[in-house]
Amino acid sequence: QKANRELKKAQDNLDKVNNSLESSKANYLSDVSKAKSVSDDIETYKKLSSQVGLTTDEQKSLNETVTKLAEQFPQIITGYTEAGQVIIDQKTNWQEILELQKQSMALSQGQYASDVVASVDAKEKTRLAEFNSVKAKRLKLESDFGIQAVNELTKEGVYDSNPYNKDEAAR
């Protein structure tokens, strides 16, 4: 019974760790995507804001890019036009913005790596708990029926790691 409780505890812990792993993986992938998007937006902004006489489509693209950057980095907003369009600081240090994105991505990558290690540890503990549970059941059978009967029931006490028929394994 103790071995079964330990197994249940290990399985529950593994489930929690795996949920955390999935969450941190999603956060990391999201941060990677955001960093790529921000980098692309900065390049678009630099290209379009330095041009004179933008086409209607280029001006629309510049406005959308400015809005997206301002939403992600409100500290770069210096004001608004009469039409409500965001005005951003022309002296913005874009390299610093990109560096902040890299730092954020590195943090989520570190969390993801930590969760991968925790998942491996939890899996190892679960396998050990499974082994101990099987071992406890075997000891119980030995005490109830004798070692000879248990050995006969378990193919002479040897664990068969191939759950398939030996004939199928040979194919």
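A nonpolar core is defined here as a set of buried Ala, Val, Leu, Ile, Met, Phe, Trp, Tyr and Cys residues joined through side-chain atoms within 4.5 Å, where buried means under 20% relative accessible area with a 1.4 Å probe, protein chains only, exposed over 50%, and partly exposed in between. The model is predicted, so that local features need pLDDT of at least 70 and side-chain atom pairs count only at pLDDT 80 or more, whereas totals for chains, interfaces and linings use all residues. Residues are numbered from 1 along each chain as its sequence is written, and side-chain values use heavy atoms, with hydrogens and water left out.

The protein chain contains 5 helices and 2 strands, arranged along the sequence as α-α-β-β-α-α-α; helices (H or I, at least four residues) and strands (E, at least two) are DSSP runs numbered from the N terminus. Of the 171 residues in the protein chain, 24% are buried. Contact denotes heavy atoms within 4.5 Å. Among contacts between residues at least 6 apart in sequence, 58% join residues at least 24 apart.

The largest nonpolar core comprises 16 residues, and those with the most contacts inside it are Ile42, Tyr45, Leu69, Ile76, Ile88, Trp94 and Ile97. At least two residues of this core come from each of α1 (2-49), α2, β2 (86-88) and α3 (94-145). When neighbours within four places in sequence are left aside, Trp94 is in contact with Ile42, Tyr45, Lys46, Leu69, Ile76 and Ile88.

Helix α3 has 52 residues and spans 76 Å from its first C-alpha to its last, close to the 76 Å expected at 1.5 Å a residue; the expected span is 1.5 Å times one less than the number of residues. The N-terminal end of α3 is capped by Asn93, a side-chain oxygen of which lies 3.1 Å from the backbone nitrogen of Gln95. Just after α3, Gly146 adopts a positive phi of about 95°. The buried residues of α3 include Trp94, Ile97, Leu98 and Gln101, as well as Ser108, Asp115 and Ser119. Elements covering the buried residues of α3 include α1, α2 and β2.

Within helix α2 (residues 56-72) lies Thr65, which counts as buried because its relative accessibility is 6%. The side chain of Thr65 reaches the backbone oxygen of Ser61 at 2.8 Å. Apart from neighbours within four places in sequence, Thr65 is in contact with Asp41, Thr44 and Tyr45.

Notes. A polar contact is a pair of N or O atoms within 3.5 Å; within protein, one must be able to donate a hydrogen and the other to accept it, and residues adjacent in sequence count only if both atoms are side-chain atoms.
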